[in-house]
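Please keep the sequence and the structure at hand while reading.

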Amino acid sequence: MKNASLKDVHDFWNSESCGERYSLGSSDYEKFVSQEKIRYELEPNIKEFAAFEEFKDKDVLEIGVGYGSDHSQIARKNPRSLTGVDLTERAIENTKHRFEVLQLSSFLKTDNAEALSFESEIFDAVYSWGVLHHSPDTPKCFEEVHRVLKPQGVAKIMVYHKHSPTGWMLWIKYGLLKGNPLISLADIYATYLESPGTKTYTVSEARELTRLFSDSKIEVQLSFGDLVEGDVGARHKGVLLNLAKALYPRALVKLLARKFPIGLYLLITVRK
């Protein structure tokens, strides 16, 4: 697959913010609350990793607010200041409306994670869940996180991990069953996972991404996609998916994940 442009990524996510499909209910309030409830039921590991309470009394930046659920969590913990950016207008509009409905406060704007429009060393903490791997220049995004953090500042970032049941299932569907077993996992992720050009990283590659930081902690974790739970995306519906959901050996996958570093999520905590 050819390299995806920033416009390709923008256009994909501007058609539907991440998490938006889980907003159910007759009122805006019900939609936001239901989406938040479903998100953390599917991904309880988010709250454990993010440790939102640690953002209290800090100047916080979230890169990639999406539908605004994590941003709401941060806002409720009373940061000294809260800023949220996203590449897409849709995400910023959705999150602004969420904050109006829920009576929360943040400075929200469209921005490019590869060239953040902020001065250097102004945030105590940066948070980004499942965003930077979509950027055409992910290493530059990590450099920007390092730049805007104050000395001793902490960032919590999730990017996708290469070795995951999600990737293997996509390879079976779009590689093996399509008569193209030699297609690489990189091309599978870039073409079929989410936005065009989506990337994944090994643990060693993630360490290279975090090379500017004084300290880093990197963990691998299963995603709900690895367990074929929830709505795994409009691009992957059909009889085969329904059959997989019914027959999928979740207990075995969880057991393997306890013994081997497999899973779609790379949970990265770094300190400047």
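Which residues does Ser 135 touch, not counting residues up to four places away in sequence? In this predicted model, the residues that Ser 135 touches beyond that range are Glu 114, Cys 141 and Lys 199. Ser 135 lies in the loop between strand S4 (123-129) and helix H6 (138-148), and because its relative accessibility is 9%, under the 20% cut-off, Ser 135 counts as buried.

**The chain as a whole**

The protein chain contains eleven helices and seven strands, and its C-alpha atoms fill a box of roughly 55 × 45 × 35 Å along the principal axes. A compact globule with 272 residues would have a radius of gyration near 19 Å, and the 18 Å of the protein chain agrees with that. Buried residues account for 50% of the 272 residues. When contacts between residues at least 6 apart in sequence are considered, 73% of them join residues at least 24 apart.

**Helix H6 and its cover**

Cys 141, one of the contacts of Ser 135, is also among the buried residues of H6, which are Thr 138, Cys 141, Phe 142, Glu 144, Val 145, His 146 and Val 148. The elements that cover these buried residues include strand S1 (59-63), S4, S5, helix H9 (203-209) and S7.

| H7 (165-176) and H8 (185-193) | about 85° | 10 Å apart | nine nonpolar, three polar, no charged |

The angle of about 85° between H7 and H8 makes H7 roughly perpendicular to H8. In this contact, Thr 166, Gly 167, Trp 168, Leu 170, Trp 171, Tyr 174 and Gly 175 of H7 meet Leu 185, Ile 188, Tyr 189, Tyr 192 and Leu 193 of H8.

**The nonpolar cores**

The largest nonpolar core has 29 residues, of which Phe 52, Phe 55, Ile 74, Tyr 127, Trp 129 and Tyr 265 touch the most other members. Among the elements that give two or more residues to this core are helix H2 (28-42), helix H4 (69-76), S4, strand S5 (149-160), H7 and strand S7 (265-271), while H8 gives the most, with four residues. Leaving aside neighbours within four places in sequence, Ile 74 is in contact with Phe 52, Phe 55, Val 60, Glu 62, Pro 79, Leu 82 and Tyr 127. A second, separate core of 25 residues includes Phe 118, Val 126, Ala 155 and Leu 209.

**Two loop residues with positive phi**

Asn 78, although not a glycine, has a positive phi of about 60°; Asn 78 sits in the loop between H4 and strand S2 (81-86) and, with a relative accessible area of 48%, is partly exposed. Gln 103, likewise not a glycine, also has a positive phi of about 60°. The place of Gln 103 is the loop between helix H5 (89-102) and strand S3 (107-110), and Gln 103 is exposed, with a relative accessible area of 71%.

Technical notes
Residues are numbered from 1 along each chain as its sequence is written. This is a predicted model: local features need pLDDT of at least 70, side-chain atom pairs count only at pLDDT 80 or more; totals for chains, interfaces and linings use all residues. Side-chain values use heavy atoms; hydrogens and water are left out. Axes are lines fitted to C-alpha atoms, for helices over the stretch in contact, and angles run from 0 to 180 degrees between N-to-C directions. Angles under 35 degrees count as roughly parallel, over 145 as roughly antiparallel, 65 to 115 as roughly perpendicular and the rest as oblique. Contact means heavy atoms within 4.5 Å. Ala, Val, Leu, Ile, Met, Phe, Trp, Tyr, Cys and Pro count as nonpolar, Asp, Glu, Lys and Arg as charged, and the others, Gly among them, as polar. Buried means under 20% relative accessible area, exposed over 50%, partly exposed in between (1.4 Å probe, protein chains only). A nonpolar core is a set of buried Ala, Val, Leu, Ile, Met, Phe, Trp, Tyr and Cys residues joined through side-chain atoms within 4.5 Å. The radius of gyration is taken over C-alpha atoms; the globule rule is 2.2 Å times the number of residues to the power 0.38.
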